[in-house]
Amino acid sequence: LFFDRPTEPCFMQKGEEKTFFRMPTNYYPDKYKSASNVLENRFSDGASRTIEVRNIALPNLSLPMELPYNDQFSLFVPKHRRMAGKLIDIFMNMRDLEDLQSVCSFCQMRINPYMFNYCLSVAILHRDDTKGLTIPTFAETFPDKFMDPKVFRRAREVSTVLNAGDRLPVLIPQNYTAAESEPEQRVAYFREDIGINLHHWHWHLVYPFDAENRAIVDKDRRGELFYYMHQQIIARYSVERMCNDLGRPRRYNDFRQPIEEGYFPKLDSQVASRAWPPRFAGSTIRDLDRPVDQIRSDVSQLETWRDRFLEAIENMAIILPNGRQMPLNEETGIDILGNLMESSIISRNRGYYGDMHNMGHVFISYSHDPDHRNLEQFGVMGDSATAMRDPIFYRWHAYIDDIFHLYKAKLPPYAQEKLDFPGIRVSGVGVEGAGGANELRTQWEQSTVELGRGLDFTPRGSVLASFTHLQHDDFSYVISVNNTSGSGVMGTVRLFAAPALDEGGRPLAFDEQRRLMIELDKFTQAIPAGSSTIRRNSLDSSVTIPYERTFRNQSNRPGDPGSAEAAEFDFCGCGWPHHMLIPKGTQRGYPMVLFCMISNWNEDRVMQDLVGACNDAASYCGIRDRKYPDRRPMGFPFDRPTAANSLADFLTPNMAVADCTIRFTDATRQRAARR
Ligand code: CUO
């Protein structure tokens, strides 16, 4: 209930069943204290259930309460990160659920709603006694971070005029942030996709930057996953651009040059009652001096940190706080660099390597008001739920990615025996679906998302918004294998796809193509002796989560009892949205190459128990409370350069490729109510 109606007082009602929280008088915020009796009577009236909130000795909340209730909240701003880290610790340290409930009741009207939601989500995700608790999707709680604010006006109108059952969905326009004359708009469907932005928000929720409880931050191969998940975003976005006659994103590597791309988000913050500031084309990042955010940092600082990374990569060693060098090796180097670069509290030397990636977000997000003279808040780059809307996100991360690749380029190419799986031959791979053999089909699809939860102070009940997103027809991979080892073996099937041609229509150089390889799926497979065929449904991808999990609006809207299915999904919301599994393609048919490798499971496996874990979108998200389920470097076998001149030269017998096309139809279908 703490997630429902985020800025309303915690006198909750769920559907027809009204629940009343009886709070100790001292829990009421000052503005309501004198009226606490009136409020009690008003909200307990007709309640079928009363929850007595335990009166506990409250922890010291002064640090998190420093953020004004009606301000924006950014995980990238160091001060906000510290405040959130403190609040996470408070929530984590409450000795039982009742105490957690008490402190939440106290906090809800005092703590900034964005920060409250974030910290409580992190705590629920990490506390032993809250695992399995269903939390509404962030797009329902704060729909203002995901869609055109005109929608809310219409939704309020609809809610006020009509009863829940009679309300028609409110339409979210498909292209509302720029005109067609802006070339970047061609990929707005990707940048502004609700599911993609939810995935990114969720990823950063699963991997918080700051908390006293180190275990929350210090997760298995966290730094490497930071590198890999964002590398894949850049690869996917690059391919998406290429399908739309745009070049790959240019790295944002010269911090003194203006940023060519502007971005006008057309989002309003319902909490802060402010429009998100735009960034005009040709803006340049400037030295920051914003006492309100406790930020004072010069652009030259970013350059210094960058140079230190380049120096570390040059030397293949980082400098530790005690002045000693720590070598970057094949096993842990990328993880160490990822943690330094992001950075989080597990950075090995924040004093020297700083906070490069996060502060890049901060510099860009304040380029319109670097000294706060206009009292403006950060732009969309300052929030992990909105950053991916802005074209500069991809230019910044393309540069971060490039630095990681500089490092990867210093590692030796994989030797033949690391790639091969003796006795296993993949004789063919292909896809089958509605488009026939090796043709994938895409189109638009119209779906709905629940807004009722995020609309404060309007009549209760469901109100849906319908929006249009990319979708593809489901398909299957068909893989022919020949096992001559004489007995059954276990293998890991790795599926990737990359464009066949560059922007000029020429075959892509292999070194560029490997960096555009997008992971489609990865799974463990028993391979019997002799010839066999593996069929794998695209819906089972280890990269994606199903549509219902991304949005969770069908089974779990306010008023519906949380279904068993919803409970099972609980907090496994991290995962690339399935509807964005494959790029849009083109109407003519966009040529891609599909790649399949079967590697030796004995060299890949991580022995662990996966019962009850969220493990079906592990490729980009890892597995909750477990190790990353693949011992190989993330991105294997394409994460390092090789001597091969072409993909064909690179192949060992346990690999196969197929030419595929993605054909896009410019038509919109309605999403079936449930699938
Ligand atoms: Cu995910 Cu830059 O880290 O946004």
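Analyst: One term to begin with: a residue is buried when its relative accessible area is under 20%. Also, this is a predicted model.
User: OK. Which residues are buried in α13?
Analyst: Gly-333, Ile-334, Asp-335, Ile-336, Leu-337, Gly-338, Asn-339, Leu-340, Met-341 and Glu-342. That is ten of the ten residues in the helix, which spans 333–342.
User: What's its volume, and how many residues line it?
Analyst: The volume is about 550 Å³. The lining has 24 residues, and Arg-221, Glu-331, Arg-631, Arg-632 and Pro-633 lie nearest the centre.
User: How many of the lining residues are charged?
Analyst: The count is 15 charged, with eight nonpolar and one polar.
User: Back to domains. How is the chain divided?
Analyst: Into domain 1 (13–131), domain 2 (183–408) and domain 3 (416–670). The C-alpha centres of domain 1 and domain 3 are 39 Å apart.
User: New topic: strands. What is the order in the four-stranded open sheet?
Analyst: The order is β12-β11-β15-β18, with antiparallel pairing.
User: Why is one side of β12 and of β18 left without a neighbour?
Analyst: β12 (436–437) and β18 (530–537) are at the edges, so each has a single partner strand.
User: How many bridges join β15 to β18?
Analyst: Eight, with β15 covering residues 475–483. Ser-476 sits opposite Asn-537 in β18.

How values were computed. Residues numbered from 1 in each chain as written. Predicted model: local features only at pLDDT ≥ 70, side-chain atom pairs only at ≥ 80, totals over all residues. Heavy atoms only, no water. Pairing = 2+ DSSP bridges. Helix = DSSP H or I, 4+ residues; strand = E, 2+ residues; numbered from the N terminus. Buried < 20%, exposed > 50% of the residue type's maximum accessible area, 1.4 Å probe, protein only. Domains from an automatic or database assignment. 1 Å grid on protein atoms, 1.4 Å probe; cavity = no way out; pocket = protein on both sides within 12 Å on 5 of 7 lines; lining within 4 Å. Points joined across faces, edges and corners; volume = space filled by probe spheres on them. Nonpolar A, V, L, I, M, F, W, Y, C, P; charged D, E, K, R; others polar.
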